[in-house]
Amino acid sequence: MAYKPTHLNPKLFMWCKANLRYLLLFFVLSSGVLASRLTIQFNTFIELMGQKYGPARAAVARNWQSMLVQTQNKPEQQQILIVNDFFARNLRYQTDILLWKQNDYWATPLETLGRGLGDCEDYAIAKYISLRALGVSDDKLRLIYVKAKIAGTNKTQAHMVLGYFATPNAQPLILDSLITKVLPAAKRVDLSPVFSFNSQGLWANNSTKSVASPTARLSRWRKILEQTTKEGVMW
């Protein structure tokens with residue numbers, strides 16, 4: 001015997017029936033089943049930016065927020081290009097020794113955008129957080145430590161890039177501070193991967209499973225996760 005919702009307003013019942021799939025999607029998102037994005041509390045972030053770096057850099061933080069808002073409904077590969085371009089336009093490369101008086105310092109997006117300067121790790125971290133905030137799943141993104149060939153020599157130097165994997169076995173697209181173009185890994189013959197990580201795992205060069213906890217093995221990454229939380233990034 002079919003159930004007749006006699007207690008429900010007929011017009012409301014017809015609306016619910018017509019919009020059932022949207023209601024289901026709303027409840028799934030509300031329950032967190034599909035929620036893969038981190039959130040950035042921009043009120044906190046912008047206030048801290050103004051306090052530490054002044055109103056001009058707070059305006060850059062607002063531009064970051066606007067870029068993310070305007071990009072959130074675009075296809076992922078377009079999001080990647082937009083995020084990569086934003087940091088190419090808003091940052092200049094600077095070594096840690098000159099910027100932080102340290103040989104190796106990983107900066108948060110607040111510090112990087114606050115100074116408008118950063119090295120390869122800082123670019124990669126800021127892009128990673130941006131794409132996570134746009135809803136790109138963590139399993140599609142890895143910060144990749146590589147050996148980068150120095151042009152005109154046989155020497156290499158330690159370097160970090162961000163890799164985007166459209167599918168688990170896909171060739172990654174490489175977002176790099178050395179060049180403004182986003183290219184597939186096969187076209188970056190100057191880079192040799194050493195290991196990669198994200199907020200969930202750490203992988204050796206050719207491993208398919210995480211070999212360690214990234215926060216246990218990488219103290220600088222643990223510091224980034226802790227410090228960004230204080231700056232408004234909710235993981």
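Rings of Phe, Tyr and Trp (its six-membered ring) pair if their centres lie within 6.5 Å; planes under 30 degrees apart count as stacked, over 60 as edge-to-face and the rest as tilted. By this rule, Trp106, Tyr128, Tyr145, Phe195, Phe197, Trp221 and Trp235 form one aromatic cluster. The model is predicted: local features need pLDDT of at least 70, side-chain atom pairs count only at pLDDT 80 or more, and totals for chains, interfaces and linings use all residues. Residues are numbered from 1 along each chain as its sequence is written, and side-chain values use heavy atoms, with hydrogens and water left out.

The whole structure holds 14 aromatic pairs. Tyr145 and Phe195 form a tilted pair, because their ring centres are 5.1 Å apart and their planes meet at 50°. Tyr145 lies in strand 4 and Phe195 in strand 8, 50 residues apart. Strands are DSSP runs of E, at least two residues, and helices are runs of H or I, at least four, numbered from the N terminus. Tyr145 is buried at 13% relative accessibility; Phe195 is partly exposed at 22%. Buried means under 20% relative accessible area, exposed over 50%, partly exposed in between (1.4 Å probe, protein chains only).

Trp221 and Trp235 pair edge-to-face, with 6.2 Å between centres and 80° between planes. Trp221 belongs to helix 10 (residues 219–230). Its relative accessible area is 0%, whereas that of Trp235 is 36%.

Strand 4 (residues 141–149) and strand 8 (residues 191–197) pair in the antiparallel sense over six bridges. Pairing requires at least two DSSP bridges between two strands. Ala148 stands opposite Leu191.
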